[in-house]
Structure formats: C-alpha cells, structure tokens
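Hello,

Here is the structure for your files. Please open it alongside this note; my findings follow.

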Amino acid sequence: MNVAARSTTGKPHKRAFWTMERRDTLAGYLFIAPQLIGVVTFVLIPLGLVFWYSLHEWNVLAQTFRFQGLANYEALLNDPGLPQVLGATAVFSLGLVVFNMALALLLAVLLDQKLKGIAVYRTLFFSPVVVSLVAWTIVWSFLLQNNGGINALLALVGIEGPNWLRGSATAMTSVVVVQVFKNVGLNMILFLAALQGVPRELYEAARVDGTPAWMQFTRITMPMISPTILLTSIITIVGSLQVFAQIAVLTQGGPGMSTTVLVYYLYQQAFQFHKFGYGATLSILLFLIVAVLTFAQWQMRRRLVFYEN
Amino acid sequence: MKTITRLKTATAIVGFALHFAAGTAFAQEQVELRMTIWSANEAHLAMFNEIADSFTATHPNVSVTFDSLPFESYTTTLTTQIAGGNAPDLAWILETTAADFVNSGALAPLSDAFANTEGYDLSDVTEQATALWRADDELYAYPFSTSPFAMFVNNDLVAKAGARTPAELIEAGEWTWQNAIETAAAVAGNGADGLIVRDFNYQIWQNLASIWRAWGASPWSDDGDSCTFAEPEMVEAMTFIHDAIFEKGAMPEPGESVDFFAGNAAMTITQISRASLLPTGEAAFDWDLVPLPSGPAGAYSVVGQAGIGAFAMGDNVDIAVGFLAHMSNAENSAKLARFFPPARASLLNTDTLGKTNPLLSPEQLESVVINGIANGKVLPGHEGFAEIQQVVRAELDALWQADADVEAVLTSVCDRIVPML
C-alpha cells in the first residue's frame, strides 16, 4: 500500500488536480493568451488559408473554387512579368534601406547634441511618421506632377525639372524618396536612443589617446550601436517589401512596369484581375522572401553585431 | 408553491421564445436591398431614393439603400465584396467589364422577369443598346445609361485666344479633328490649356476611343479575337494624338492635372451627365456642347454604357429583379434621363429629354444625345478587360514620351495582348 496516498486519518487521499506546477502553467498561458490568440487568428490561420487558396483556381464572379494542385506555382515560374516585378522590388528595397539608414544615422548624429531647442528639431524630423500615409503621399503626388510644386521651385532657379512620376528612373527615385522622408524619423529616434546609450567614457578615453573623430565613429559608435543597426535594417527591409499605398497613389506601378513591386503586383492579380488563387501564390512567394531575408540578417548578426545582451 | 414557480418560469420562457420567433418572422418579411453605384452625386442619389421610395410604396416590406463606391476602384471593391461573401443585391456595371459579369453566371437572368412584369416593354429598348448585356439571347443587365461622348467648350477662352469656336466651325462645315486641335493649340498658346480627354490621365486609355474612332481605329476586332492596335488607322490616330500633345501642346502632357469645369481649358471630351459640373455664379463661363469632330473615317459617335444587374447568389433575387424592373420601366427611365440617357426609342426625342435636361438646347439634344445614342459605338470592352487594360496601359507608357516611335510601341502592345484575346 502506498503510504503517501493516505492521509493521516488513513482514508484514501484524492490528489489535487491543480498542483502548483499546473497552476503556473495555466497562469503562463493566460498571460500570453492575448498575444497567442492574436497570432493564431491574424497570422497562422490566414497563412494556412492563403496556402490553401494558392492550390485553387478561385473565380470570384463565377463563384467557382477548384482544386488544381501546383498549377499556380507553375504559372508563377512561367510568369513573363515576374522577373521585372522582382527587379523593381529589389531596386526599391535596396534604395530604400540604404538611403533610409544613411539619412537616419546622419540625422541622429546631428541631433545628438546638447543645443538649445534641439527638441524642436527632433520633433520636426519625427513629425512625418505620425502623418497619415495616404495624405502624405497624395500631397507628394501634387508636388511631383509635371506642373507641380517641385518643378515650379526648380523653374525659379532656371532648372527645367523632369516629369518625375513618368520617367522610369525618376519615378522609382521619387517613390523611394517619398517613403524615406515619411519614415526616416522612426529610425532616427531609434539611432538617437542608441547613440545616447554609448558610454561617454569611451569617447573621453579615445580623445586622451588622440583618436581622430572619424575613427571614434567607426571604432566606438558603430560597434556600440550595431544591435540597433540590425534591428532597424530588419524593420526597414520588411517594411520596404510591404510598400503599397505609395505605389498605388503615385505611379500605379508605371511607367511601364518600372514601379510595380511585388505587393502591388499581388494586389493587381488578386483584386483587379480577380485571380485570387494566383494572388495567394504570390503572397506565399512574398512570405518566403521576407522569411529568408530576416533569417539571413539574424545569421549575419554573429559577424556584425557586437555587445548584444 | 414550487409548481407555481415552475409554471411562472415556463410561461416566461415561452413568452420570450414567442417574442423572438415573432421577431424572426417579422425580420424574414423585411427585405433590405443594397445596390452599389459609383456616383456620390447628391442629385443622383436624391433621384434614386425617390425611385426606391415609389417601390417601397407598393412593397412596404422592401427598402433599398444605395452604396456609393469610388469610381477608380469600383469593380475591385465590388468583386472583393463578392469574394468576402458580402455581395450586394444589385450593382452598376461598367461597359468595359460587362463581358466578365455577363458571362460569369454571377447575374440573374432578366428577360422572363421583365416580360412578366405588367406594362414592361423591353422591345422599346434598342437592340444595339442591350447587345453588351446579353449572353445566349438572355438579358443579364439593363443598360440604364447610354451616354454619348461629346465635347464641352469654353467659348470665353476660345474667343480670348482669337480662335474659331467649334460652333463657328460646325456652321462653316469645317468641324474636323485638324481644326479642333488648332483651336485647342491656340488656347494652349494663350496661357490656358487646350483639349482634355476627361478621366484619361494617361491611364484610362480606352477613353481615347472618342478620338481614334474618327480614324476608324479600334483596339481589337469586333469578335475580340485579334489585336488591331498596330493597324494603319490606329497608328495614324495615335500619331495625331501624340503630335497634339508633344508638338502642338494642344493637350496637357502626362503628369499634369487640369480641370475643364474649373475654367482652365478650352475643350473637354466627356459624357453629357457631366453637365452637372458646369460652374454657376461668378465662376460661370460661356459654354457650348457639340458633337465630336469628324475625321478621316467621317462622322462618328462613341457611347459609354452602364448596366444594372441583380446578383444570382443573393437571398432576395426575385425582389431585386422586381426592383430592377421598376427602376428601368418607361416612367422611371424618363426620370433617370436627366443624368443617364435612356436607350428607349419612346424617350429619344427632344421633348422628353428637354424636360429633364434644361441645360441643353433642343439642337444640342438632337445632334449630341439622340444622334449619338442612335449611331454610337460603345467603348471597347473584352472578357478579362482589367488585365488587358493594365497590360496595354503599361505598354502605352512608352508612347507618352516626346521622342516615342508610335508604330513600334503599338506593335509591342499587340505582342503583349495577343495571348489574352
């Protein structure tokens, strides 16, 4: 007879279901429940559904939903427009990341000063982040018109500006610049916070050693803020792959296909051409690209990121 | 005591149940129809609501709401609603997407329902007007608007530039595209803008049909099977348009936004329903409405059409079709004629149209509206039009450069769309 299973009175003792361990487990799940429910409802289930849709031919008007295996994936490999779309996406993402990060870091270094009224400048550069994206883009679309504000300003100094949104190179540049100006404030604030976290003693020591300012930046500042650089680069790249409103408002993917990035192409296929199955297939491609890029960046952190907690 | 309490509880439950059951029965009788439209114009909505109220008067359990969607994304929004299981009961349909909707099986057939509606005379609707909306002789949508494209003119600007007004040119029998563009170029050289093809914006290229039909050009053959973008007529017409933009400066260049109705341009090609945009009061100008100029292929007219269909997948299909029969009967078509020209032979006269179009003179109604509807060809459309539209738009972007090779661009358009036709 198991002695432990009997109480002191000698009657069989029913072991309590809610042991300390189970209570802790339940509490843990309850604490993460809001996030977990959100992820399951808005990420995992839609992701599963998108994959399921990608295996079908879904004609919305005719209300037909036919399983067709990997036909959409075959169509993806043979899509004559796709190389151009992926090229435009790469150019946009690369341009955006390089320009955004460089400008954000420059602004952060400039604003990391103890000057009177510095808070006003910081607010000014951050303010576009809180402006509505569509409103911001519409205003820029007026400025970038052939007879718009920017060319009128250029004309004042005797320069005939290009037709910004109608030339393939200038259209892409315009979209990148409009997007950078919109969001550079966010990266700037992150860099600023990181810069202010660098211990001042390091610079003092470097100055005592006679280290030039440039070398202080490359040997102290950059390594110390490298975790933030990694974070902002991931956020910016992932964000750049999701750009939609700017393209829809400024160029509608033109001229030609020069600014048709993957998300816009996906939108066209699914919602304009009613090919929801193929649109879902393109979403899977986008998901894989984002996943691979994020994974690669995390791998790179071992070589490039220092002083990570 | 216990028994009494139980009885009370049971009565209460039955009471509640009956209440809900009655409520459900009542809700089943109430029908709320929803129709998507692309106009948010208050005058249009007031007229639709008036027609809906007259239907409710005879069908007290039915109410109709009109859901205004933005024109630019109209079909996209509509199909997304359908995909999401939230299809409206009725919808306006653009002529360019008519083939997609009519052939998909998404719309309820109308012919029998209309024939069985007392006093409804479908034969009054011209056959030409219903051609787009039929499949296998069955009517799937009613063409409630057959609106000719015409030219609005700002005579003040033309006079200021010292050019001949279209009215003068018509009188002299010289109302041709060559002369029209000369007038536009003269105004453009005088500080304002010349000719605007409304809603074209270097995107909605099908609206250029209002010009290229003067050369007898069209994007594809009548059966829709072969591409005719690179035919000599189209090359000639597009060369004319290209010169008008880049050599004569008679049309705004890409990326410029100009509004005729704000008094900033000499002429605009658009549909007569836009007459409601003409400014009044201090901003008013001396305007005219004239037919499209003639070209190498002679006189021509182009109409834009819109149909109304009832969705076959809805819960209240019969009632929706009934409302459509009511909305499109002769009496209500006469009301709609104020903004949406009817394709009914009995209404195509200056008396009827004049009552609802006080802005237009009998001559304008005769030459532009009646003649346009009788002889007009509908804007080009095709099955899978949305994709063809985008592909052609992308290819034509190369044409809207000052140094473009027109023929080469049009050939490349055909190369791209042939597999889709």
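In chain B, 75% of the contacts between residues at least 6 apart in sequence join residues at least 24 apart. A contact here is two residues whose C-beta atoms, placed from the backbone, lie within 7 Å.

This is a predicted model: local features need pLDDT of at least 70, side-chain atom pairs count only at pLDDT 80 or more, and totals for chains, interfaces and linings use all residues. Residues are numbered from 1 along each chain as its sequence is written, while chains are lettered from A and ligands numbered from 1 in the order in which they are written.

Chain B has 17 helices and 11 strands. These are DSSP runs numbered from the N terminus: H or I of at least four residues for helices, E of at least two for strands. Its C-alpha atoms fill a box of roughly 100 × 50 × 40 Å along the principal axes. Of its 421 residues, 44% count as buried. Buried means 20 or more other C-beta atoms within 10 Å of the residue's own, exposed 12 or fewer, partly exposed in between, with C-beta atoms placed from the backbone.

Now the backbone. Most residues other than glycine have a negative phi, and most peptide bonds are trans.

- Asp199(B) has a positive phi, near 70°. It sits in the loop between β7 (193-197) and α10 (209-212) of chain B. Asp199(B) counts as partly exposed because it has 17 C-beta neighbours inside 10 Å.
- Tyr202(B) also has a positive phi, about 60°. Its place is the loop between β7 and α10 of chain B. With 21 C-beta neighbours inside 10 Å, Tyr202(B) counts as buried.
- Gly254(A) to Pro255(A) is a cis peptide bond, omega near -5°. Pro255(A) lies in the loop between α10 (245-250) and α11 (262-272) of chain A.

Best wishes
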